[in-house]
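Subject: A structure for you to look at

Hi there,

Here is the structure I promised to pass on. Please open it beside this email and follow along as you read.

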Amino acid sequence: MKKLTIILALVAFCFAASAQQMHLQSAISYMNKKYLNKAKEEVDLAVSSDKNVDAKTWFWKAKIYISMGQYPTNPNGYKWKGDIPEDWRDQAYKACLECKRLDESKEYSEQNNQLLNILGIECSNASIDLYNNGNYAEAMQKAEVAIKMYNESGNAKSSNDSYYICGLSAVALHDTAAIIKNFNTLIRKKTDKNAVYQTMFNIYKAQGKNEDAFKTATSYQKNCPKDYKAYTLVADAYLMNQNLDKAKESLAAAEDLTKDNPQVYSQLLCAEGGILAGAGEFQQAEAKYQESLGISATQFEANYGMGIMIYNRGVDKIQAANEVVPNDEADFALIDNLTNEAKGFFAQTEPY
């Protein structure tokens, strides 16, 4: 009786294995004939016919589902009738991971990685669409999946765009922890995106973490030595540490990078004006704005920068007047002087 039970178990096992292979061969045949509906039906039966599904079956399931999901733009001309399952990416990704886990001989490694890379591209594109439509939470989730797919495929470099979408989505969601996590990863990977460094710099500056802000700025300069904006950020970092001389050296280096391009150079001068104004160096700031206006008298950035700098000086005078406690005539005179100075600054803003 025991012997008969063993024999029946072996027969059942062989039958299941045979059923799996029969369905798989049918799936491959339909796939080669470009009948995706039939191929999907057969590969699903192959996967469900036995608990011990092999790497080959998982590989073909992933390939069939990806071909199905890319309809109708697939260049190979595969045909699919009906609605495409919404979870086709998830199904294909799971199949790729199972194939990778079971493929001890690495027989499908290269092809499987190509499928994972395709899935990474698909999820990355989907995350961009979600971001552009304002669905930031979903965009972040989809981009995180894309990162995993790229990393599983061995193409970690292509994950940068998805880290960027994650970070931008986090900015839109005001999720500081997620911003730091994703943008710091990009900095370690030597990204050239200005927004990454500027955002991280501003976060650390707001948190009072001057050392981290300085490291962010210097990383930008190290990773992008030909980007003048890196030097302006370093200058800003030096000013945070009260080092005006070093800040001016960085601004001079930025000028050297842009003097051959008048349009870019004039924008740099405006940025310099803003940095110097923030440090209280008003005369030097005004000189930068005026030089920029000499290149283009109608330039918005220079006119606005000059106007807002003068206006803010007037606001400072008003605030100083409000802080004076009027106890005697001298105090009232000081208040009048400060108020008149403010009015003078406000009048100067009109031309800009």
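In which helix does Lys288 lie? Lys288 is part of helix H14, which covers residues 282-295. Helices here are DSSP runs of H or I with at least four residues, strands are runs of E with at least two, and both are numbered from the N terminus.

Before going further, a word on where this comes from: this is a predicted model, in which local features need pLDDT of at least 70 and side-chain atom pairs count only at pLDDT 80 or more, while totals for chains, interfaces and linings use all residues. Residues are numbered from 1 along each chain as its sequence is written, and side-chain values use heavy atoms, with hydrogens and water left out.

Back to Lys288. Lys288 counts as buried because its relative accessibility is 19%, and buried means under 20% relative accessible area, with exposed being over 50% and partly exposed in between (1.4 Å probe, protein chains only). Setting aside residues up to four places away in sequence, Lys288 touches Glu255, Leu269, Glu272, Gly273 and Leu276. Touching, or contact, means heavy atoms within 4.5 Å.

The whole chain

The chain has 16 helices and zero strands. Its radius of gyration is 32 Å, whereas a compact globule of 352 residues would have one near 20 Å. That radius is taken over C-alpha atoms, and the globule rule is 2.2 Å times the number of residues to the power 0.38. Along the principal axes, the C-alpha atoms fill a box of roughly 115 × 45 × 35 Å.

Of the 352 residues, 40% count as buried. The chain exposes about 19700 Å², and carbon and sulfur atoms supply 51% of that area; such areas come from the Shrake-Rupley method with a 1.4 Å probe, and for residues only the protein chains shown count as cover. Among the contacts with a separation of 6 or more, 53% are between residues 24 or more positions apart.

As for charge, there are 38 positive and 44 negative side chains, and the centres of the two sets lie 14 Å apart. Lys and Arg count as positive, Asp and Glu as negative, and His and the chain ends are not counted. Each charge is placed at NZ of Lys, CZ of Arg, CG of Asp or CD of Glu.

Inside helix H4

Cys96 counts as buried because its relative accessibility is 0%, and Ala92 counts as buried because its relative accessibility is 0%. Leaving aside neighbours within four places in sequence, Cys96 is in contact with Ala62, Asn112, Leu115, Leu116 and Leu119. With the residues up to four places away again left out, Ala92 touches Ala62, Tyr65, Ile66 and Leu119.

What about the cysteines?

A disulfide is a covalent bond between the sulfur atoms of two cysteines. Counting a pair of cysteine sulfur atoms within 2.5 Å as a disulfide, the count comes to zero. Cys166, for instance, is in no disulfide, and the nearest cysteine sulfur, that of Cys123, is 11 Å away. Cys166 is buried, with a relative accessible area of 0%, and Cys270 is buried too, at 8%.

Loops and a helix end

Lys106 lies in the loop between H4 and helix H5 (109-132). Lys106 has a positive phi of about 60° although it is not a glycine, and at 57% relative accessibility Lys106 counts as exposed. Lys190 sits in the loop between helix H8 (176-188) and helix H9 (194-206). Lys190 also has a positive phi of about 60° without being a glycine, and its relative accessibility of 59% makes it exposed. From Cys96 to Lys190 is 94 residues in sequence and 30 Å in space, C-alpha to C-alpha.

Val325 is in the loop between helix H15 (300-323) and helix H16 (329-348), and Val325 is exposed, with a relative accessible area of 55%. Its C-alpha atom is separated by 9.1 Å from that of Ile335, ten residues apart along the chain.

Finally, have a look at Asn32 in helix H1 (residues 2-32). Asn32 is exposed, with a relative accessible area of 55%. Asn32 and Tyr78 are 46 residues apart in sequence, and their C-alpha atoms are 9.1 Å apart in space.

Enjoy exploring!

Best wishes
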